[in-house]
Amino acid sequence: MSRHLFTRSLASILSSSLVIAAAHAQDTEPAGHFGFDGLEVVKIDPNAGPIASGDFDGDGTIDLLVANNFKSRLELHVQKANASPDDPIESTGSVNEVPVHWRFKRIEIPVSHAVNSIVPFDFNNDGLLDIVYAGQPGTIVFMKQVKPGVFEVERRIPQKGLSTNRDGFIISDLIGDSKPDLAAIVAGQAMVWPMDGTKLGDAVELSSGEPIAAFVVGDFDGDTHNDLIGVAPDNAAPVRLWLASVEDGPQGKIARLGSQRRFEMPPLREATALRLPGGTKDLLARIERQSKRIVIDELVEDASGSKEAALEVFSSPSGKKRSYAVADVDGDGLADVLVSDAAASAVMVYRQLKDRGLQPGVSQPSFAEIDSIVAGNVDGNPGDEVFVLSEKEGVVGRSGWSNGALSFPTAMPLSAGSVPAVLSLVRLESGPRVAVITKDGRNYQMELLLTDGSASEVVKLGSLVKGPDAMLDLDADQDGKVDLLLFTADKPMSMLQSVEKDGKTTFELRESKDMAQFGLAQAANAGNTVAYDVDNDGKKELVLADRNFIRALRYAPNATPPGWQVVAQMNASRADAKLVALTVLGETLVASDRENNELAVFTKDATTSKWAQTDERTVTGFKFSLVRAGNFSGTTSDDVMLIGDDGFAIARLDGARLAFEERATYRGDRVQQVDHELATGDVNGDGFLDLLTLDAGEQSLGILSFSEAGRLVPATRFKIFESRLFQGGEPREFEPSMALVIDVTGDGADDVVLLCHDRVLVYPQSKHPAKAN
């Protein structure tokens with residue numbers, strides 16, 4: 001992976017300030033098993049790179065493709081058959097052009113962009129490698145090879161926000177069928193497009209929260225399907241992993257990139273994938289910025305009982321205007337997640353499968369600019385009903401699961417001239433009702449609709465400066481009749497109290513000033529309250545999280561003193577806790593501690609019946625505001641759903657979790673070492689994988705080898721060039737900048753190719769390393 005987005009580099013220093021060094025095998029073991037023949041230099045121009053490789057002319061040998069942005073061209077260096085240093089030097093036709101290297105034929109391909117990333121790819125399946133590149137200003141360009149060595153622009157696709165990092169642009173089979181997909185970093189987020197020739201399908205956005213700098217592709221769980229890693233190098237959880245999820249589709253197996261896992265690690269300078277000979281899955285190789293360690297990680301299931309919550313992060317539709325609901329929409333007994341997508345006039349349905357958990361979201365058509373979504377079982381049949389509200393279209397509708405999809409909502413009748421603003425599903429003594437707060441100017445009212453829309457009850461709320469934005473059904477005064485608590489952002493809670501009047505049950509509005517001792521409940525809002533029976537008397541209380549405690553209250557207007565009464569209070573273990581959200585998880589309460597980035601778990605002692613905090617789980621790398629509980633992992637485990645601006649996450653509080661476990665590490669003891677780039681290959685033909693490291697501090701190339709046991713063994717290191725610039729601390733430039741391990745000499749042995757300043761350096765692998773210079 002490129003270092004360019006990890007640390008800003010200065011422009012290349014003048015070639016006259018360099019002295020290129022040849023490779024010399026060291027005399028000690030195991031260095032004696034590595035060696036290279038004479039260094040070969042292919043001159044490009046300042047600002048050279050990136051570099052890629054492939055067999056462009058179909059002769060079975062590997063060619064080099066280098067971006068020469070100084071002269072607005074790509075240079076294709078094609079291996080010549082039976083080439084020799086004694087061959088006549090090709091004329092360039094210009095006295096200002098450096099002669100072409102004897103091993104290659106140079107083909108110049110003009111471009112109209114500054115090229116940041118290059119992917120050789122046969123997009124028209126004609127047997128000739130084509131070129132796909134990412135350029136600036138943000139454009140994706142497809143260049144077709146019409147005949148060997150001749151390229152034409154086939155298609156240009158403007159893409160605002162396209163990354164300038166060479167590792168933020170790849171082509172690989174990631175989603176859908178076995179056809180390739182194009183993935184790019186756009187405005188710091190991962191975007192994946194299905195490819196059909198030069199046509200890109202609908203983009204799949206994989207929101208990562210924090211901007212990512214680079215991609216790493218590999219099969220990290222060993223299921224034979226490509227997974228995707230996005231790297232946010234300076235984040236507390238710099239590695240974001242999207243595992244492939246495979247489902248049965250009409251045309252066969254369909255792969256989707258499912259939930260995102262986040263892994264806490266030190267800040268990174270580099271990350272790449274590698275596979276050891278005989279391995280069944282890819283490993284993650286990374287360089288830690290501060291410690292300078294090179295670490296090889298394997299993705300494993302960890303059952304060690306970590307205090308950190310295991311997160312699966314799901315990207316939600318773009319924009320912060322989203323509403324969430326948890327429901328068993330398909331009637332299979334498993335909780336699914338529904339998210340409104342206002343921009344797409346749709347509902348995203350994340351279905352849960354047994355033993356597999358939540359699957360990637362599928363868009364279902366709905367009203368325009370949905371504001372609210374709620375769900376629940378209102379008819380006793382398998383599958384929950386879904387209700388949506390669109391203030392833009394002035395409508396509330398009901399949907400159900402039919403033929404494998406969520407039906408388009410059927411509109412429900414509302415009072416003429418009123419606009420729906422708030423939606424909830426409440427359960428009164430007489431049964432479930434769709435509760436809708438509607439408005440006409442500043443006049444608000446509550447409409448309680450029968451779930452089939454056949455009738456409604458209207459409760460006037462009067463003229464309000466600001467209308468409610470959420471409600472909670474609860475028998476607050478515990479008189480056997482359900483009341484409705486109304487929450488308004490930045491306003492005190494109010495209550496529609498259920499009362500008997502003229503022989504029938506109706507509702508009367510109680511504002512904060514009408515409820516004695518309201519200060520005990522004044523912190524209540526839509527996110528920090530639940531209805532729960534904390535004292536096991538068969539009656540639910542209003543339970544709210546505030547400061548460093550959870551408090552359970554009942555409304556007792558006829559008590560002494562009257563008003564809100566505290567039934568129980570449980571304090572967090574930490575005095576500095578700031579509890580801001582609350583949910584019920586089985587027989588426990590789980591609160592979000594924003595100050596300490598924790599989920600605090602409260603349980604009741606079976607002997608004393610007293611509540612106390614009994615556990616906590618740290619949450620790293622995901623910012624959230626609301627919490628909801630359920631079983632979302634395809635098993636019987638209890639999970640917590642975290643809702644944030646960038647999507648939602650499922651936090652597993654128990655059971656095995658995925659973790660990257662260290663398999664091998666290495667740290668050199670060089671004073672000025674700044675390893676910043678990794679490459680892999682067998683550079684001495686012994687059948688073992690070697691790991692190459694580029695050091696920008698000492699301008700050197702290091703080679704480490706993997707032993708049979710998978711340990712990293714330092715083999716050799718040598719200078720690439722001597723610089724006349726004094727440098728200490730962080731390097732002023734990161735050169736050499738790229739490394740490839742490929743056979744560019746046509747002898748069947750992998751060589752080392754480096755991109756350094758304005759030239760490509762080729763170190764041919766020696767067949768007799770002990771005799772190499």
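Which residues point one way from β12, which point the other way, and are they buried or exposed?

Mentor: This is a predicted model, in which local features need pLDDT of at least 70 and side-chain atom pairs count only at pLDDT 80 or more, while totals for chains, interfaces and linings use all residues. Residues are numbered from 1 along each chain as its sequence is written, and side-chain values use heavy atoms, with hydrogens and water left out.

From β12, D181, A183 and I185 point one way and L182, A184 and V186 the other, and all are buried. Buried means under 20% relative accessible area, exposed over 50%, and partly exposed in between, with a 1.4 Å probe and protein chains only. In a regular strand the side chains alternate between the two faces of the sheet. Because six of the six residues of strand β12 (residues 181-186) are buried, the strand is largely enclosed by the rest of the structure. Strands here are DSSP runs (E, at least two residues), numbered from the N terminus, as are helices (H or I, at least four).

β12 has pairing partners, where two strands pair if DSSP finds at least two bridges between them. Strand β11 (residues 169-172) pairs with β12 in the antiparallel sense over four bridges, and D181 of β12 is the bridge partner of S172. Strand β13 (residues 189-196) is also antiparallel to β12, over six bridges; there, A183 has V192 as its bridge partner. Two residues separate β12 from β13 in a hairpin, and A187 in the turn has a positive phi of about 55 degrees.

Rings of Phe, Tyr and Trp (its six-membered ring) pair if their centres lie within 6.5 Å; planes under 30 degrees apart count as stacked, over 60 as edge-to-face and the rest as tilted. The rings of F314 and F648 are stacked, because their centres are 5.0 Å apart and their planes are at 5 degrees. This pair links distant parts of the chain, with F314 in strand β23 (residues 310-315) and F648 in strand β54 (residues 647-652), 334 residues apart. F314 is buried at a relative accessible area of 3%, and F648 is buried at 0%. Ring pairs link F314, Y324, Y350 and F648 into a cluster.
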